[in-house]
Protein chains: 2
Amino acid sequence: MRRAVFHAELTEDLAGMARLAGQLMINASASLFQADLALADVVLARGEELPVRHREVQQRCGTLFARHAPVATDLRTLVAALRAGSDLRRMGHLAQHIARITRFAHPHPAVPGGARPVIARMSLLAGGLADQAAIALEKRDPGSIKRLARADDEVDALRGELFRIVFATNWSHGVQPAVHAALIGRYCERFADHAVAIAGRACYLATGRLPELLPLPR
Amino acid sequence: MRRAVFHAELTEDLAGMARLAGQLMINASASLFQADLALADVVLARGEELPVRHREVQQRCGTLFARHAPVATDLRTLVAALRAGSDLRRMGHLAQHIARITRFAHPHPAVPGGARPVIARMSLLAGGLADQAAIALEKRDPGSIKRLARADDEVDALRGELFRIVFATNWSHGVQPAVHAALIGRYCERFADHAVAIAGRACYLATGRLPELLPLPR
């Protein structure tokens, strides 16, 4: 019974962290497009909650390690939870990096021209993947991994599209917006990779097997 | 006795992976500056060894989880080893990303002008950090973390310098080299962060405590 409570609480914590990460990404992206400094600051401030909550997860897992002799299922849960916590902390940092670009470019919007719709779509997909990772954690649904992998593929394809746009001869917005667009694309891509990895860990929790479809983060 | 052998083998595997990651970074950087396609291909090919070796580490840890009831020290070793393995796989991917930029820009060197010495220094520091992470794993030396954190700080400072160079009004090399320089800077920075994180895990193995100086990867 204590074990079941522990596992349920751990899942709830991680799913909550995933939803927060998703909100941070959506807000970071909105701050970019509206050159909204106040919103960027909200992302920077609330992003600090993820490392704190990650440490709490670490400490709780550490206590269980030290006090009990965890059985195989517990161990699997603990290791997967620790790694999901790491992923979620990173996702918070990536959203914060985007908010910092909003600050850097202010009062101008950081991303101009044809790069805007591509980045808007990438960040929407990335934020949605975080929500889906939360659901995967709660439901431990091995089927979710395929849906997430498809959205992640679209993020990767959009990153290629972004390079074509900023490297095209008709890109007229100069060096700085191109560099920012390329970095934001990278941050969205990594954010999405971490979300897919979390769903893979949820699948592992459910089945004891890593899904073959799980793309290794690159 | 079996436990001691297992721990020693795990350490040897991870230290070997760290040395390979360091070589990949140094070679990726050399391929950039010499526009050396063959060397870039070596990095791309040999980088594939790290995910394979990481999976072997995972499988071996998984077997120990399943067959034995690991005691607290074993658990600490296993969790730290799994996370170090993840870091090392990522470091390989980051070196490969740099090699891909060499390929993309060929026959031109990807990085021109004032960005060259900065990136040369960053990649040298990053490669050196991987070697130091290997030594930290072998010696489980808590003192190593301070040295690594200092080198990592220099990498972060150089990344700021790189932005100043490519965003300066006298940057005359256009959009593509600026984007490549910014991305390579990011890859070097992340590579260095992972190396420091591995040394932190080695310190944790030695002392059971995470070093306070350990910078959280951003």
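**Two chains and their interface in a predicted model**

Chain B can be laid on chain A by a turn of 180° and a shift of 0.0 Å along the axis, with an RMSD of 0.0 Å. That is the relation of a two-fold axis. The model is a predicted one. Two copies of a chain are, in general, related by a rotation about an axis and a shift along it.

The fold of chain A comes next. Chain A contains seven helices and zero strands. Along the sequence, the pattern reads α-α-α-α-α-α-α. Chain A has 218 residues, and buried residues make up 57% of them. Contacts in chain A between residues at least 6 apart in sequence were also examined. Of these, 83% join residues at least 24 apart.

The interface between the chains was then described. Chain B contributes 39 residues to the contact, and chain A contributes 39 residues. The copies meet through the same surface, because 100% of the interface residues of chain B are also interface residues in chain A. About 3300 Å² is buried between chain B and chain A. Carbon and sulfur atoms account for 63% of that area. By class, the side of chain B that touches chain A has 20 nonpolar residues, nine polar residues and ten charged residues.

Polar pairing across the interface was counted as well. Four residue pairs are in polar contact between chain B and chain A, counting pairs with both residues at pLDDT 80 or more.

Arg186(A) makes a polar contact with a residue of chain B. The side chain of Arg186(A) meets the side chain of His97(B) in this contact, at 3.5 Å. Arg186(A) sits in helix 7 (residues 175–207) of chain A. Its relative accessibility is 3%, so Arg186(A) counts as buried, the cut-off being under 20%.

Gly160(A) gives a contrasting setting. Gly160(A) is found in helix 6 (residues 144–167) of chain A. A relative accessible area of 26% makes Gly160(A) partly exposed. Gly160(A) and Leu148(A) are twelve residues apart along the chain. Their C-alpha atoms are separated by 19 Å.

Side chains of opposite charge can pair when their charged atoms come close. The structure holds 24 salt bridges over all chains.

Asp87(B) counts as buried because its relative accessibility is 6%. Arg201(B) is also buried, with a relative accessible area of 16%.

A salt bridge also joins Arg121(B) to Glu154(B), with the closest N and O atoms 2.8 Å apart. Here too the pair links distant parts of the chain, 33 residues apart. Arg121(B) belongs to helix 5 (residues 115–139) of chain B, and Glu154(B) belongs to helix 6 of chain B. Arg121(B) is partly exposed, with a relative accessible area of 36%. Glu154(B) counts as partly exposed at 30% relative accessibility.

The side chains of Arg159(B) and Glu189(B) meet in a salt bridge at 2.9 Å, N to O. Arg159(B) lies in helix 6 of chain B and Glu189(B) lies in helix 7 of chain B, so the pair ties together parts 30 residues apart in sequence. Arg159(B) counts as buried at 9% relative accessibility. Glu189(B) is buried, with a relative accessible area of 11%.

In chain A, salt bridges that share partners form a network. One network joins Glu9(A), Asp13(A) and Arg60(A).

Note on methods: Residues are numbered from 1 along each chain as its sequence is written. Chains are lettered from A and ligands numbered from 1 in the order in which they are written. This is a predicted model: local features need pLDDT of at least 70, side-chain atom pairs count only at pLDDT 80 or more; totals for chains, interfaces and linings use all residues. Side-chain values use heavy atoms; hydrogens and water are left out. Helices (H or I, at least four residues) and strands (E, at least two) are DSSP runs, numbered from the N terminus. Buried means under 20% relative accessible area, exposed over 50%, partly exposed in between (1.4 Å probe, protein chains only). A polar contact is a pair of N or O atoms within 3.5 Å; within protein, one must be able to donate a hydrogen and the other to accept it, and residues adjacent in sequence count only if both atoms are side-chain atoms. Contact means heavy atoms within 4.5 Å. Buried area is the accessible area (1.4 Å probe) that two parts lose on being put together, summed over both. Ala, Val, Leu, Ile, Met, Phe, Trp, Tyr, Cys and Pro count as nonpolar, Asp, Glu, Lys and Arg as charged, and the others, Gly among them, as polar. Copies are superposed by least squares on the C-alpha atoms of residues with pLDDT of at least 70 in both. A salt bridge is a side-chain nitrogen of Lys or Arg within 4 Å of a carboxyl oxygen of Asp or Glu.
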